[in-house]
Each structure stands twice: as structure tokens, then as C-alpha cells.
Amino acid sequence: MNSASANASGSWPEQLTGAFEILLDRPLASFDADAVYATFFGGELINELGFTRDAAWLAPAALSGAEPVVWACPIFDLEEPLPEFDASRSVFEFDKAGLPPEFETDLAAASFTGRLVLGADLAPLLARHDLTATDLGATWTVCYPRLPSDGTLFDAMRVATALGTGPETLLPFEVDAAEEWREKLAAVTSPELFAHLSFFCTEGEEGLMYLGTERTGGDLLAAEGCTLIANWEEGQSQVEFAVVQLGELMTGPHRT
């Protein structure tokens with residue numbers, strides 16, 4: 001019996017903890033409690049539709065973290081919820097060539113590595129540079145959009161599986177889990193939670209495949225000290241949710 005199955009019932013946090021431990025195949029308490037964890041959204045869909053270059057990412061309230069960036073694209077084929085992102089902690093990337101020298105200098109001071117910069121560290125540059133102007137408008141993209149969470153592994157897993165703060169947030173999915181995961185998730189006593197999580201453990205024709213620490217696109221910010229904890233992908237690579245333990249370069253606003 002999976003060590004998490006004893007926690008797969010009880011209060012809502014206890015149910016989620018038990019379910020996440022089934023997915024991770026180890027207790028949440030065995031992970032580094034002092035580390036910062038995040039969920040990044042990816043896949044071809046958000047790039048194909050051009051949302052990673054949308055001006056909404058540059059709004060001052062978004063870059064400060066005061067307001068989420070909302071994408072009007074129901075990725076689960078349901079009217080709600082719409083995806084929300086934390087621009088302040090998302091990763092922006094700038095092209096290698098064609099940047100004005102003044103901006104290049106400021107970017108080098110704000111970046112945590114190379115031409116990668118967190119939204120919160122990009123925000124002060126907007127007082128001096130217009131990223132929608134002709135010379136800069138096509139130079140940036142949000143390469144790693146981050147979902148809002150509190151930095152814990154529990155919360156990163158929660159938002160990666162589209163779960164809210166209570167059972168009323170469960171979504172009406174009607175997709176069968178892959179046989180392996182149908183057996184493992186049997187420890188989840190709530191039929192509604194079981195059905196919800198089954199969507200995130202399919203063969204990929206419907207719903208999402210749970211790949212553990214494997215990823216079709218290869219390492220995710222490994223050179224920046226990040227470690228992939230859990231990964232879900234849609235069968236056609238349209239949607240991806242990746243839970244990552246962040247490296248020290250990314251755990252706070254960059255300072256020179």
C-alpha cells in the first residue's frame with residue numbers, strides 16, 4: 001500500500017496532501033521545507049496564440065504582483081477557470097541581438113542569468129524603457145509563465161492540478177485515468193477528487209499525462225539550479241504544467 005493512502009481522506013488539506021504524496025510517491029515532508037517551489041505553465045498553445053508576448057504581462061500591477069495576468073483561453077475545454085499567471089515571478093527572455101545599448105546595460109543588471117529576468121526585476125526598467133516601442137516590442141517573451149502560489153510544494157502541486165481551497169473548486173472532468181494511476185488513486189476516498197485527479201493521469205488522448213520527473217522538452221531551468229519535481233503534458237504537447245524546486249538565482253528579486 002502506498003504510504004500516502006492513510007492521508008487520502010479527512011479534511012481538504014489532508015485529502016490533497018494524501019493525493020499529492022501518491023503522485024510523488026513519497027511524503028511531502030521528505031522534500032526540502034526551506035526550498036521555494038513553483039508551477040510553470042508551458043506547451044505549444046500559449047505560444048501559438050501569441051499570449052507570451054501579450055501586453056498584459058507588462059502592466060505595472062501585473063509586474064508588481066498586485067494583479068494576476070488572466071488569459072481568456074479555457075484550456076480544460078470548460079468555461080471556467082481561466083488560467084491566471086503571476087507576472088512578477090514569471091521568467092522573461094530577451095533576444096540576443098538588436099537591443100538598444102542603454103536597455104542592454106539595464107537588462108544585464110536586472111537579469112538573474114544571461115537574458116532571463118523575473119518580472120518583478122523587469123518592472124523598474126519600464127520607467128526608463130517602453131517595451132512596446134518599435135525597437136523593443138518584438139525582443140521579449142515570457143518563456144516560463146508562473147502560476148500564482150505561495151512557494152510551498154503543497155501549493156505548487158495544488159495549482160498544477162487546478163485545485164482550489166475547497167472541494168467546491170473541483171472540476172467536472174469525465175476522463176478515465178491510465179490503468180496504473182487508476183489503481184494508485186484508488187486510495188483517494190472522495191469520488192469527486194478521484195475524478196478530478198484522473199484528468200491529470202491519463203494516457204494523453206484526453207486530459208493530461210502525468211510524467212513524474214520526465215519532460216518531453218528536456219531540462220527546465222536546470223542550468224539555473226532548478227529541479228523538476230512533477231510534470232504533466234497534454235498528448236499533443238499543447239499544454240504543460242511543471243512543478244519545480246527553484247534554484248537560489250530565482251528565489252527573490254535579483255540584486256547586483
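Q: Which residues are in contact with Phe94, leaving aside its neighbours within four places in sequence?
A: Phe94 is in contact with Leu99, Phe103, Leu107, Arg115, Val117, Leu122, Leu131, Thr139 and Trp140. The model is a predicted one.

Q: What makes Phe94 stand out in the largest nonpolar core?
A: That core has 68 residues. Phe94 is one of four that touch the most other members, together with Phe92, Trp232 and Phe241.

Q: Which element gives this core its largest share?
A: Helix 1 does, with seven residues.

Q: Which residues does the second, separate core include?
A: The second core has 15 residues. Among them are Phe40, Ala242, Val244 and Met250.

Q: Why are helix 1 and helix 6 called roughly perpendicular?
A: Take the angle. Helix 1 (residues 12-24) and helix 6 (residues 153-160) pack at about 85 degrees. The range for roughly perpendicular is 65 to 115 degrees. The two helices are therefore roughly perpendicular to each other. Their axes are 10 Å apart.

Q: Which residues make the contact between helix 1 and helix 6?
A: Helix 1 brings Pro13, Leu16, Thr17, Phe20, Leu23 and Leu24. Helix 6 brings Leu153, Phe154, Met157 and Arg158. By class, the contact has eight nonpolar residues, one polar and one charged.

Q: Why does Arg158 count as buried?
A: Set its value against the cut-off. Buried means under 20% relative accessible area. Arg158 is at 15%, so it counts as buried.

Q: Where does Arg158 lie, and what does it touch?
A: Arg158 lies in helix 6. Not counting residues up to four places away in sequence, Arg158 touches Leu16, Phe20, Leu163, Gly164 and Thr165.

Q: How many disulfides does the count come to?
A: The count comes to zero.

Q: What is the phi of Ala162, and where is its place?
A: Ala162 has a positive phi of about 55 degrees, although it is not a glycine. Its place is in the loop between helix 6 and helix 7 (179-184).

Q: What is the phi of Ser237, and where is Ser237 found?
A: Phi of Ser237 is near 65 degrees, a positive value in a residue other than glycine. Ser237 is found in the loop between strand 8 (227-234) and strand 9 (240-245).

Q: Why does Leu220 count as buried?
A: Its relative accessibility is 6%, so Leu220 counts as buried. Leu220 is found in the loop between strand 7 (208-212) and strand 8. Not counting residues up to four places away in sequence, Leu220 touches Phe40, Tyr144, Arg215, Cys226, Ala242 and Val244.

Q: What makes Gly119 buried?
A: Its relative accessible area is 0%, so Gly119 is buried. Gly119 lies in helix 5 (residues 119-122). Not counting residues up to four places away in sequence, Gly119 touches Leu63, Ala87, Ser88, Ser90 and Phe92.

Q: How far apart in space are Gly119 and Pro172?
A: Gly119 and Pro172 are 34 Å apart, C-alpha to C-alpha, and 53 residues apart in sequence.

Methods:
Residues are numbered from 1 along each chain as its sequence is written. This is a predicted model: local features need pLDDT of at least 70, side-chain atom pairs count only at pLDDT 80 or more; totals for chains, interfaces and linings use all residues. Side-chain values use heavy atoms; hydrogens and water are left out. Axes are lines fitted to C-alpha atoms, for helices over the stretch in contact, and angles run from 0 to 180 degrees between N-to-C directions. Helices (H or I, at least four residues) and strands (E, at least two) are DSSP runs, numbered from the N terminus. Angles under 35 degrees count as roughly parallel, over 145 as roughly antiparallel, 65 to 115 as roughly perpendicular and the rest as oblique. Contact means heavy atoms within 4.5 Å. Ala, Val, Leu, Ile, Met, Phe, Trp, Tyr, Cys and Pro count as nonpolar, Asp, Glu, Lys and Arg as charged, and the others, Gly among them, as polar. A nonpolar core is a set of buried Ala, Val, Leu, Ile, Met, Phe, Trp, Tyr and Cys residues joined through side-chain atoms within 4.5 Å. Buried means under 20% relative accessible area, exposed over 50%, partly exposed in between (1.4 Å probe, protein chains only). A disulfide is a pair of cysteine sulfur atoms within 2.5 Å.
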